[in-house]
Amino acid sequence: MQQLNIDEKPFARVKSPLLRKAFALWDGKRGTHLMPRREDFDPVEMPRLLSSIILVDVEDGGARLRIRLVGTKIVEMYGSDYTGMYMDEIDFGDVREKVLTEYRLPVLEKRPVFSDHEFRKLNNYHHTIERAIFPLSDDRVIVDKLIAFLDFERVRSM
């Protein structure tokens with residue numbers, strides 16, 4: 001198995017109630033399986049999570065990650081809607097490799113990944129992003145989608 005180097009956060013250190021709720025939902029949907037299927041999730045069951053969601057199609061075993069859906073809160077925070085784009089085409093600045101690696105890790109290891117990032121908007125407000133990325137699988141063996149949730153906390157203005 002390929003070894004990826006990231007600054008991963010253990011679930012025990014996840015502060016966001018939103019991400020903890022997302023994990024409980026994912027964990028409950030998988031039951032006794034390694035991971036749930038996309039069809040196991042009904043948007044009606046998770047109205048408070050929808051604005052903070054990113055749904056990603058996994059192509060070529062994780063070589064390409066195409067964004068299928070971006071929640072309104074994420075679009076608002078980043079100032080762009082990345083729906084339909086491949087992640088390797090997005091300008092993540094100096095955290096590009098970290099972000100791409102964090103999204104590929106659940107594909108390779110078939111498990112959730114939790115992390116933090118600092119993010120500065122053009123208006124100079126700084127935010128901490130706490131992120132959870134969960135693998136999904138139609139056949140419950142090969143990861144074919146990812147479901148991610150981002151929670152933003154305003155830290156300071158510069």
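Which ring does the charged end of arginine 64 sit over? That would be the ring of tyrosine 86, 3.8 Å from its centre; a charge counts as over a ring if NZ of Lys or CZ of Arg is within 6 Å of the ring centre and within 35 degrees of the ring normal. Some further notes follow.

1. Ground rules. This is a predicted model, where local features need pLDDT of at least 70, side-chain atom pairs count only at pLDDT 80 or more, and totals for chains, interfaces and linings use all residues. Residues are numbered from 1 along each chain as its sequence is written, and side-chain values use heavy atoms, leaving out hydrogens and water.

2. Overall layout. I get three helices and five strands, in the order α-β-β-α-α-β-β-β along the sequence. These are DSSP runs numbered from the N terminus: helices are H or I with at least four residues, strands are E with at least two.

3. Strands β1 (residues 53–59) and β2 (residues 64–70) run antiparallel and are joined by six bridges; strands pair if DSSP finds at least two bridges between them. Isoleucine 54 has valine 70 of β2 as its bridge partner. Four residues lie between the strands, and aspartate 60 in this hairpin takes a positive phi near 50 degrees.

4. Aspartate 40. Look in the loop between α1 (17–30) and β1. Aspartate 40 counts as buried because its relative accessibility is 15%. Its side chain makes a polar contact with that of arginine 140 at 3.4 Å; the term covers N or O atoms within 3.5 Å, where, within protein, one must be able to donate a hydrogen and the other to accept it, and residues adjacent in sequence count only if both atoms are side-chain atoms. Leaving aside residues up to four places away in sequence, aspartate 40 touches Lys29, Glu45 and Arg140, a contact being heavy atoms within 4.5 Å.

5. Aromatics. The whole structure has ten aromatic pairs. One of them, phenylalanine 23 with phenylalanine 134, is tilted, at 6.3 Å centre to centre and 35 degrees between the planes. Phenylalanine 23 is in helix α1 and phenylalanine 134 in strand β4 (residues 125–136), 111 residues apart. For reference, rings of Phe, Tyr and Trp (its six-membered ring) pair with centres within 6.5 Å; planes under 30 degrees apart are stacked, over 60 edge-to-face, the rest tilted. Phenylalanine 134 is buried, at 0% relative accessible area.

6. The cluster. Phe11, Phe23, Trp26, Phe114, Phe134 and Phe149 form one aromatic cluster. The charged end of arginine 20 sits over the phenylalanine 11 ring, 4.6 Å from its centre.

Methods:
Buried < 20%, exposed > 50% of the residue type's maximum accessible area, 1.4 Å probe, protein only.
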